[in-house]
Amino acid sequence: MLYNVVVNDWDETTYVPTALGNGLLAALIAILLVSAVAFARLHMRMEKEKNTDAGSTRLTIRQLVFCAMSVALSTVLSNIKLFHFPTGGSITLLSMLVACLPGYFFGLGAGLMTGLAHGVLQLVIDPYVLYPMQLVMDYLLAFGALGLSGLFSNAKNGLIKGYIVGVLGRYVFTVLSGCIFFASYAWDGWGVLPYSMVYNGIYIFAEAGLSVVVLLLAPVRSAVGRIRRLALE
(Lines give C-alpha, C1' and ligand atoms only; values in the text may rest on other atoms or scores of the structure.)
Protein backbone atom coordinates (compact mmCIF):
# COMPACT_ATOMS: atom_id res chain seq x y z
CA MET A 1 0.00 0.00 0.00
CA LEU A 2 1.33 3.41 -0.99
CA TYR A 3 -0.48 5.59 1.56
CA ASN A 4 -2.37 5.56 4.85
CA VAL A 5 -5.61 7.41 5.49
CA VAL A 6 -5.28 9.62 8.58
CA VAL A 7 -7.74 11.96 10.31
CA ASN A 8 -5.81 15.03 11.50
CA ASP A 9 -6.48 17.41 14.40
CA TRP A 10 -9.01 19.37 12.30
CA ASP A 11 -11.02 16.21 11.52
CA GLU A 12 -9.79 16.27 7.93
CA THR A 13 -9.15 13.03 6.08
CA THR A 14 -5.58 13.20 4.82
CA TYR A 15 -3.31 10.81 2.95
CA VAL A 16 0.19 10.04 4.23
CA PRO A 17 2.72 7.98 2.23
CA THR A 18 3.74 4.63 3.68
CA ALA A 19 7.35 3.41 3.69
CA LEU A 20 6.76 1.91 0.24
CA GLY A 21 5.19 5.15 -0.95
CA ASN A 22 8.14 7.16 0.33
CA GLY A 23 10.51 4.73 -1.36
CA LEU A 24 8.78 5.29 -4.69
CA LEU A 25 8.83 9.05 -4.14
CA ALA A 26 12.57 8.86 -3.41
CA ALA A 27 13.05 6.98 -6.67
CA LEU A 28 11.03 9.67 -8.45
CA ILE A 29 13.30 12.35 -6.97
CA ALA A 30 16.34 10.52 -8.32
CA ILE A 31 14.76 10.26 -11.78
CA LEU A 32 13.88 13.95 -11.76
CA LEU A 33 17.43 14.92 -10.78
CA VAL A 34 18.92 12.81 -13.55
CA SER A 35 16.41 14.39 -15.94
CA ALA A 36 17.49 17.82 -14.68
CA VAL A 37 21.09 17.05 -15.57
CA ALA A 38 20.04 15.75 -19.00
CA PHE A 39 18.26 19.05 -19.62
CA ALA A 40 21.33 20.91 -18.33
CA ARG A 41 23.43 19.03 -20.87
CA LEU A 42 21.00 19.99 -23.63
CA HIS A 43 21.09 23.62 -22.50
CA MET A 44 24.88 23.64 -22.53
CA ARG A 45 24.95 22.05 -25.99
CA MET A 46 22.65 24.76 -27.33
CA GLU A 47 24.82 27.43 -25.74
CA LYS A 48 27.92 25.85 -27.24
CA GLU A 49 26.36 26.09 -30.68
CA LYS A 50 26.06 29.84 -30.10
CA ASN A 51 29.41 30.23 -28.41
CA THR A 52 32.33 27.89 -28.98
CA ASP A 53 33.71 28.86 -25.55
CA ALA A 54 30.65 27.55 -23.68
CA GLY A 55 32.56 24.48 -22.52
CA SER A 56 31.84 20.76 -22.27
CA THR A 57 28.39 19.29 -22.85
CA ARG A 58 29.05 16.05 -20.99
CA LEU A 59 26.58 14.74 -18.43
CA THR A 60 28.64 15.53 -15.34
CA ILE A 61 28.51 14.46 -11.74
CA ARG A 62 29.10 18.12 -10.84
CA GLN A 63 25.79 19.18 -12.41
CA LEU A 64 23.99 16.38 -10.59
CA VAL A 65 25.57 17.44 -7.30
CA PHE A 66 24.56 21.07 -7.80
CA CYS A 67 20.94 20.13 -8.56
CA ALA A 68 20.78 17.70 -5.64
CA MET A 69 22.35 20.21 -3.26
CA SER A 70 19.84 22.83 -4.35
CA VAL A 71 16.93 20.49 -3.57
CA ALA A 72 18.44 19.50 -0.22
CA LEU A 73 19.35 23.03 0.86
CA SER A 74 16.04 24.56 -0.21
CA THR A 75 14.27 21.84 1.77
CA VAL A 76 16.37 22.55 4.87
CA LEU A 77 15.72 26.28 4.53
CA SER A 78 11.99 25.67 4.07
CA ASN A 79 11.98 24.31 7.61
CA ILE A 80 13.56 27.49 8.98
CA LYS A 81 10.35 29.47 9.29
CA LEU A 82 10.52 33.20 10.00
CA PHE A 83 6.72 33.20 10.23
CA HIS A 84 4.17 30.41 10.01
CA PHE A 85 0.40 30.60 9.56
CA PRO A 86 -1.45 28.09 11.78
CA THR A 87 -3.50 26.97 8.76
CA GLY A 88 -0.50 26.59 6.45
CA GLY A 89 2.00 28.76 4.61
CA SER A 90 5.31 30.11 5.87
CA ILE A 91 7.89 32.80 5.28
CA THR A 92 11.08 30.75 5.10
CA LEU A 93 14.77 31.61 5.01
CA LEU A 94 15.24 32.08 1.23
CA SER A 95 14.16 28.53 0.34
CA MET A 96 12.45 29.63 -2.89
CA LEU A 97 15.58 31.48 -3.99
CA VAL A 98 17.75 28.40 -3.60
CA ALA A 99 15.16 26.30 -5.44
CA CYS A 100 15.39 28.74 -8.38
CA LEU A 101 19.17 28.47 -8.76
CA PRO A 102 19.30 25.34 -11.00
CA GLY A 103 17.08 27.07 -13.55
CA TYR A 104 19.36 30.10 -13.55
CA PHE A 105 22.46 27.90 -13.80
CA PHE A 106 21.29 25.28 -16.29
CA GLY A 107 18.19 26.57 -18.09
CA LEU A 108 14.45 26.00 -18.08
CA GLY A 109 14.30 22.19 -18.37
CA ALA A 110 16.74 21.60 -15.53
CA GLY A 111 14.95 24.20 -13.43
CA LEU A 112 11.55 22.59 -13.88
CA MET A 113 12.84 19.09 -13.10
CA THR A 114 14.65 20.32 -9.98
CA GLY A 115 11.58 22.27 -8.87
CA LEU A 116 9.50 19.12 -9.22
CA ALA A 117 12.07 17.16 -7.22
CA HIS A 118 11.88 19.80 -4.49
CA GLY A 119 8.08 19.47 -4.42
CA VAL A 120 8.24 15.68 -4.19
CA LEU A 121 10.72 15.91 -1.30
CA GLN A 122 8.34 18.31 0.46
CA LEU A 123 5.65 15.67 0.02
CA VAL A 124 7.90 13.08 1.67
CA ILE A 125 8.87 15.29 4.61
CA ASP A 126 5.70 17.26 5.32
CA PRO A 127 2.69 15.80 3.49
CA TYR A 128 -0.67 17.53 3.68
CA VAL A 129 -2.86 15.88 1.09
CA LEU A 130 -6.64 16.09 1.05
CA TYR A 131 -7.28 15.30 -2.64
CA PRO A 132 -5.17 13.87 -5.47
CA MET A 133 -5.43 17.04 -7.57
CA GLN A 134 -4.53 19.16 -4.55
CA LEU A 135 -1.33 17.11 -4.28
CA VAL A 136 -0.58 17.81 -7.94
CA MET A 137 -1.27 21.53 -7.62
CA ASP A 138 0.42 22.21 -4.26
CA TYR A 139 3.45 19.93 -4.51
CA LEU A 140 4.17 19.45 -8.21
CA LEU A 141 2.89 22.47 -10.12
CA ALA A 142 3.51 25.12 -7.45
CA PHE A 143 7.07 24.05 -6.63
CA GLY A 144 7.81 23.02 -10.21
CA ALA A 145 6.93 26.56 -11.30
CA LEU A 146 9.98 27.85 -9.43
CA GLY A 147 11.96 26.34 -12.30
CA LEU A 148 10.61 29.07 -14.56
CA SER A 149 13.67 30.95 -13.37
CA GLY A 150 15.40 29.19 -16.27
CA LEU A 151 13.59 31.43 -18.74
CA PHE A 152 16.11 34.15 -17.90
CA SER A 153 19.26 32.08 -17.43
CA ASN A 154 21.14 34.13 -20.02
CA ALA A 155 19.51 37.52 -19.44
CA LYS A 156 21.00 40.53 -17.72
CA ASN A 157 19.99 40.37 -14.04
CA GLY A 158 18.63 36.97 -15.00
CA LEU A 159 18.44 35.56 -11.48
CA ILE A 160 16.25 38.38 -10.17
CA LYS A 161 14.01 38.29 -13.25
CA GLY A 162 13.79 34.50 -13.19
CA TYR A 163 13.18 34.40 -9.46
CA ILE A 164 10.29 36.86 -9.74
CA VAL A 165 8.71 34.83 -12.57
CA GLY A 166 9.19 31.58 -10.64
CA VAL A 167 7.59 33.05 -7.54
CA LEU A 168 4.66 34.37 -9.57
CA GLY A 169 4.22 30.90 -11.06
CA ARG A 170 4.11 29.34 -7.61
CA TYR A 171 1.71 32.04 -6.44
CA VAL A 172 -0.74 31.35 -9.29
CA PHE A 173 -0.96 27.64 -8.52
CA THR A 174 -1.17 28.23 -4.78
CA VAL A 175 -4.01 30.73 -5.21
CA LEU A 176 -5.87 28.30 -7.47
CA SER A 177 -5.42 25.54 -4.91
CA GLY A 178 -6.75 27.83 -2.19
CA CYS A 179 -9.83 28.65 -4.26
CA ILE A 180 -10.56 25.06 -5.22
CA PHE A 181 -9.63 23.05 -2.14
CA PHE A 182 -9.58 25.44 0.82
CA ALA A 183 -12.58 27.69 0.19
CA SER A 184 -14.02 26.81 3.61
CA TYR A 185 -11.09 28.62 5.27
CA ALA A 186 -12.00 32.00 3.74
CA TRP A 187 -12.28 34.79 6.30
CA ASP A 188 -15.75 36.01 7.21
CA GLY A 189 -17.02 38.49 4.65
CA TRP A 190 -14.31 37.59 2.11
CA GLY A 191 -14.83 35.99 -1.27
CA VAL A 192 -12.80 32.87 -1.95
CA LEU A 193 -10.55 34.41 -4.62
CA PRO A 194 -9.63 37.61 -2.70
CA TYR A 195 -9.02 35.54 0.42
CA SER A 196 -6.72 33.12 -1.38
CA MET A 197 -4.85 35.92 -3.16
CA VAL A 198 -4.24 37.88 0.05
CA TYR A 199 -3.56 34.90 2.31
CA ASN A 200 -1.04 33.27 -0.01
CA GLY A 201 0.39 36.60 -1.14
CA ILE A 202 1.34 37.56 2.42
CA TYR A 203 3.88 34.79 2.95
CA ILE A 204 4.98 34.24 -0.65
CA PHE A 205 5.64 37.89 -1.49
CA ALA A 206 7.12 38.66 1.93
CA GLU A 207 9.75 36.01 1.34
CA ALA A 208 10.18 37.14 -2.27
CA GLY A 209 10.77 40.72 -1.18
CA LEU A 210 13.36 39.62 1.38
CA SER A 211 15.11 37.49 -1.26
CA VAL A 212 15.26 40.32 -3.81
CA VAL A 213 16.78 42.62 -1.20
CA VAL A 214 19.42 39.96 -0.47
CA LEU A 215 20.12 39.52 -4.20
CA LEU A 216 20.70 43.26 -4.61
CA LEU A 217 23.64 43.09 -2.20
CA ALA A 218 26.90 43.24 -4.15
CA PRO A 219 28.64 40.44 -2.15
CA VAL A 220 25.67 38.13 -2.77
CA ARG A 221 25.63 38.84 -6.51
CA SER A 222 29.35 38.18 -6.65
CA ALA A 223 29.02 34.91 -4.72
CA VAL A 224 26.17 33.67 -6.93
CA GLY A 225 28.23 34.51 -10.01
CA ARG A 226 31.18 32.50 -8.72
CA ILE A 227 28.94 29.52 -7.88
CA ARG A 228 27.38 29.64 -11.35
CA ARG A 229 30.77 29.67 -13.04
CA LEU A 230 31.83 26.71 -10.90
CA ALA A 231 28.63 24.85 -11.80
CA LEU A 232 29.17 25.38 -15.51
CA GLU A 233 32.85 24.46 -15.64
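Which residues form one aromatic cluster? The cluster consists of Phe83, Phe85, Trp187, Trp190, Tyr195, Tyr199 and Tyr203.

## Basis of the model

The structure is a predicted model, in which local features need pLDDT of at least 70 and side-chain atom pairs count only at pLDDT 80 or more, while totals for chains, interfaces and linings use all residues. Residues are numbered from 1 along each chain as its sequence is written, and side-chain values use heavy atoms, with hydrogens and water left out.

## Nonpolar core

The largest nonpolar core contains 45 residues. A nonpolar core is a set of buried Ala, Val, Leu, Ile, Met, Phe, Trp, Tyr and Cys residues joined through side-chain atoms within 4.5 Å. Buried denotes under 20% relative accessible area, exposed over 50%, and partly exposed in between (1.4 Å probe, protein chains only). Phe105, Phe106, Leu159 and Tyr163 have the most contacts inside this core. Two or more residues each come from helix 1 (19–50), helix 2 (61–78), helix 3 (95–106), helix 4 (108–125), helix 5 (132–144), helix 6 (158–181), helix 7 (192–215) and helix 8 (218–232). Helix 3 makes the greatest contribution, with eight residues. Helices (H or I, at least four residues) and strands (E, at least two) are DSSP runs numbered from the N terminus. In soluble globular proteins, nonpolar side chains tend to be buried together.

Apart from neighbours within four places in sequence, Tyr163 is in contact with Met96, Leu97, Cys100, Ser149, Glu207, Ala208, Ser211 and Val212. Contact here means heavy atoms within 4.5 Å.

## Largest pocket

The largest pocket has a volume of about 1,000 Å³. On a 1 Å grid over the protein atoms alone, a pocket is an open set of points where a 1.4 Å probe fits, with protein on both sides within 12 Å along at least five of seven lines; lining residues have an atom within 4 Å of a point. Grid points are joined across faces, edges and corners, and the volume is the space filled by probe spheres set on the points.

The pocket is lined by 39 residues, of which Gly88, Gly89, Tyr128, Tyr139 and Tyr203 are the closest to its centre. Tyr203 is also a member of the aromatic cluster. At least two lining residues each are supplied by helix 2, strand 3 (81–84), strand 4 (90–92), helix 3, helix 4, helix 5, helix 6 and helix 7. Helix 7 provides the largest share, six residues. The lining comprises 15 nonpolar, 18 polar and six charged residues; Ala, Val, Leu, Ile, Met, Phe, Trp, Tyr, Cys and Pro count as nonpolar, Asp, Glu, Lys and Arg as charged, and the others, Gly among them, as polar.

## Aromatic pairs

The whole structure holds 16 aromatic pairs. Rings of Phe, Tyr and Trp (its six-membered ring) pair if their centres lie within 6.5 Å; planes under 30 degrees apart count as stacked, over 60 as edge-to-face and the rest as tilted. Tyr131 and Phe181 form a stacked pair, at 5.5 Å centre to centre and 25° between the planes. Tyr131 lies in the loop between helix 4 and helix 5 and Phe181 in helix 6, so this pair ties together parts that are 50 residues apart in sequence. Tyr131 is partly exposed at 42% relative accessible area, whereas Phe181 is buried at 16%.

The ring centres of Tyr171 and Phe205 are 4.6 Å apart and the planes stand at 50°, so the pair is tilted. Tyr171 in helix 6 and Phe205 in helix 7 are 34 residues apart, and their pair links distant parts of the chain. Tyr171 is buried, with a relative accessible area of 12%, while Phe205 is partly exposed at 37%.

Leu94, in the loop between strand 4 and helix 3, has a phi near 65°, a positive value in a residue other than glycine; Leu94 is buried at 18% relative accessibility. Asn157, in the loop between helix 5 and helix 6, has a positive phi near 55° and is partly exposed at 49%.

Met1 lies in the segment before strand 1 (3–7) and is exposed, at 66% relative accessibility. Beyond residues up to four places away in sequence, Met1 touches Thr18 and Leu20. Val6 lies in strand 1 and, leaving aside neighbours within four places, is in contact with Glu12, Thr13, Thr14 and Val16. The C-alpha atoms of Val6 and Val16 are separated by 7.0 Å.
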